[in-house]
Amino acid sequence: MKNTPFFKALAYHSAIIYCCLTATQASATRHPNTVQQQQALIGTVIYDNRPLSGATIAIKGKPQTTISDENGNFTIQALPNDTLVITFTGLKTLEVPVNGKTTLSIAMHDDATALQQVTVNAGYYTVKESERTGSISKINAEQIERQPVTNILGTMQGSMPGISITQETGMPGGGYTINIRGINSLRPNGNEPLYIIDGVPYATDPISHAQTSLSTPGDGNPLGSLNPNDIAAIEILKDADATAIYGSRGANGVVLITTRKGKKGKTAFTFNSTYGVGKVTRMMDLMNTQQYLAMRRQAFANDGIEIGESDYDVNGTWSQTRYTDWQKVFLGGTAERNGWQFSASGGSEQTRFLLSGNYNTETTVFPGDFRYKRGGAHLNLDHTSEDKKFHMAFSGTYSAQTNNIPWADPTAAARNLEPNAPELYDAFGNLNWENNTWNNPMAQFNGRSRTETYNLLANATMGYRILENLELKSAFGFTDLHNNDSRSMPHTIFNPSLGRTSANSTKYANELLRQSWIVEPQLNYRYALGKSSIDALLGATFQNQTTNRLVLQGTGFANNSLMDDMASANTIRVRNNDELVYRYNAFFGRLNYTYDHKYILNLTGRRDGSSRFGPGNRFANFGAVGAAWLFHKEAFMQPVGFLSFGKLRASYGTTGNDQIGDYQYLDTYTSSGYVSQGIKGLLPSRLYNANFGWETNNKLEGAIEMGFLKDKLFLTAACYKNRSSNQLVGLPIAATTGFTVIQTNLDATVENRGWEFTLRNTNWQTQNFNWTTSINLTLPENKLVSFPRLETSPYRNDYVIGQPITIKKLFQYKGINPQTGVYEFTDFNGDGTISYEDDRQIVRDFAPEYYGGIQNQFTYKGLTFDFLFQFVKQLNFNEAGTQGYAGLQRNQPAAFTDSWSQPGDVATYQVLTTGLNDTAMQASEYYAQSDGAVSDASYIRLKNVALSYRLPEKYLKNIGCRLSLNAQNLWTITSYKGADPEFRDAGYLPPLRVISGGIELTF
């Protein structure tokens, strides 16, 4: 576990602490009149909190040197005022004064200016950072552990170029949207990257069903089962050179997740405990009671009608002075997060192990006892024979999740409820229905959404070095996902006056079992002759995935307490019961040629076969070529002393996409629900079409990497262009066929192009103080290059050739008619009416114009301070576009007080209406889909702040202690008036501000 960031941090702080302690003794051990004698100095060198073998220890200015043994121990003759110089390849050189000591413990840490020697994971092989020909971004465990998130995707926000990640909800267990270098497919569900965990592909297909899906976007994302503290590194493969070896599944990029591993040495134990709280980052500025009642009365006046008996909010039935901030009631709570983890790690030169267990809980900001719980265990074993020819490794992760949340997100209700609505409870603590004058929103909390997910992921690799340069190995993987989710709708979510009983209570239950296995034999060959070296890889993939789903609907229960038992329902109906089998196999290869350590050529190829396509279209070929030139090694560059590293690289290739689901080419049938003569009928649900094939993505990239002043300043600039064609979509067809769509290839091409920049600078680096800054910036551009016969297709109102596929076609807002007070829009076809079909001609792109992050890290002795600013330039629908229909019995943004009321008024918003002004109501709908409802939603967010302190050893003998304080979404700068600039849907809970503290003990 030499590269585990936890041990790096411990080693670093230990060295600094030692230097600080010994410095105070310097004056006592240096006496000018003392005749100094050499004495035996015994010491230990550690790295990652483990003994470091092979470190060189020398006396500064003298010839004495020695090397640490396998236990990190050394002995050297030194004078009391000598200084030791400790070196190890890839680690920062240390100078440690002896100060009269006879024993020393010295901790080494990474050299921030030697990062080009870091090895990165490219999937089927590893490569040095300086020698890679592809585009790969990486974050390590140290960066992950600084962020108080439960989903590993959240750790990458703002920290990588070309990676756009959006949190879909602030609900516990919610998901994230990730796009690697843009959106390639016209299918919303066809843009997921390929996830590989310890070499095993991990399916991220939705596991919930439409009937049981939680009321949160991204729910059921199985990646939530992974514990971020078990992750050693995440690498993102982006260009063709990096992704083509994954063939048909690399079109949208590849996310490689590597879990922690053990390291030789005596067994070390680590205990982690964290506690955090979360709050909604910002509330919408809504009307108070006075403003709301004024709005309602004006609406009645505008419509020329009297306030009616059922207008309880304004006719005096409800208090005219009561004010309730419903956002505070339903969204103003505090979510609590607790986490514990314990791990043991150690082993010998031949066999190493790591075993960890974790448990996490998280509550919501909603009123009530809703809780997300996750527990799991991780085991890693690896063994190497004494002759170094045989190697075996095993990695297994098991997790169990339980998510118990409301069956409906109350965020929309909190923003729409009347500010003078009645109290939630009566004097006896019962739900208050105020004489049946309203639907008490708290009743919805009687319904529950519950998800239980059990996930096992195991991987084993075995390799044998047949010859010095030839190795045969094979990887074996197995995943087992068992998910049960349900939605319970007891009769108590309705007003008792409706007369419903438990006989009307309904429950939907979904049980999903997904198992997969994969076998990948591989043959690796390495050969060097003179200045040339060859690295060759041949392999095959055999994968099988089986998914079984059963969806039930139960109606009528003797008592609501029996709703957890579906068998207690009076009526049980099978809504879905199917089995899906996905088979995939491939042959792949890689040939890497390097000449003189300066010129690198990398060829990759893969032939894929997928059961998701019909006979004759199941196989396809994918490949890429990448090249790199390390120009800083050229003789003519040697006079340029300030340039320490320089590389030009380029790649081109083709990857594919088969994210269309199973059996899309077959005729399929579903139960009609009708019984005739004791036999249930069948209905056709899909038309046969075996002619469609792979969606392909051609990728081109060029990049330059330069390091200055021994890589203290390092710059990377990359330009890419990806074209996705042969689009796999459901093409709408005439309803007379009995179907609405047929799966086929569409002759359309989507292009993503852009620039990516990263800049890392070591601003200050001394023995006690370090300051580094990292900046990344992405300038993406997306457009629909071609779409034959778009004008006559069903997609004509969704896309425009030459424009991004992330656009929305909108009405052009002209202003408010000063006489009628109604919104007006441009009549583009001049027919005197406004229509969705012909007059939505204004195009607005809602994808980010640019995005990135700025990160700074400071270390001083045992103290580390780190913060990350995330920035995004984008558009979004504003509060006026999301609330709508001002004047009805629902609250509105306070800005709607500036509404038109009489001829000649100049106002921001149109005439208020109770719903009787059909023209105004229609105009309100148009306005919500016009450019008038779109505003700048750019933001700069203090995404993450992390502060940690490692206690000096003198306080806790033989125990390492690190205290930490982390914050997420701490502060946002934006002009956006909606709920949250990052969040796309105002009807759901936005991301939370989370502050957490933790303690880590190592012994």
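Me: How far apart are the mean positions of the positive and negative charges of the protein?
Reply: Happy to start there! This is a predicted model, where local features need pLDDT of at least 70, side-chain atom pairs count only at pLDDT 80 or more, and totals for chains, interfaces and linings use all residues. Lys and Arg count as positive and Asp and Glu as negative, with His and the chain ends not counted, and each charge is placed at NZ of Lys, CZ of Arg, CG of Asp or CD of Glu. For the 87 positive and 88 negative charges, the mean positions are apart by 8 Å.

Me: How many helices and strands are there in the protein?
Reply: Both are DSSP runs numbered from the N terminus: helices are H or I with at least four residues, strands are E with at least two. Residues are numbered from 1 along each chain as its sequence is written, and side-chain values use heavy atoms, leaving out hydrogens and water. The protein has 10 helices and 49 strands.

Me: Why is the protein said to be as compact as a globular protein of that length?
Reply: The radius of gyration is taken over C-alpha atoms, and the globule rule is 2.2 Å times the number of residues to the power 0.38. For 1003 residues the rule gives 30 Å, and the protein is described as compact because its radius of gyration is close to that, at 32 Å.

Me: Is Gly-54 buried, partly exposed or exposed, and what is its relative accessible area?
Reply: Gly-54 lies in the loop between strand 2 (50-51) and strand 3 (56-59). Buried means under 20% relative accessible area, exposed over 50%, and partly exposed in between (1.4 Å probe, protein chains only). Gly-54 is partly exposed, at 35%.

Me: Leaving aside neighbours within four places in sequence, which residues is Gly-54 in contact with?
Reply: Contact means heavy atoms within 4.5 Å. Gly-54 and Ser-68 are 14 residues apart in sequence, yet their C-alpha atoms are 5.2 Å apart in space. The contacts of Gly-54 are Ile-67, Ser-68, Asp-69 and Phe-88.

Me: How many aromatic pairs does a search of the whole structure find?
Reply: Rings of Phe, Tyr and Trp (its six-membered ring) pair if their centres lie within 6.5 Å; planes under 30 degrees apart are stacked, over 60 edge-to-face, and the rest tilted. The search finds 41.

Me: What is the angle between the planes of Phe-811 and Tyr-926?
Reply: This aromatic pair is tilted, at 4.7 Å centre to centre. Phe-811 is buried at 0% relative accessibility, and Tyr-926 is buried at 11%. The angle between the planes is 50 degrees.
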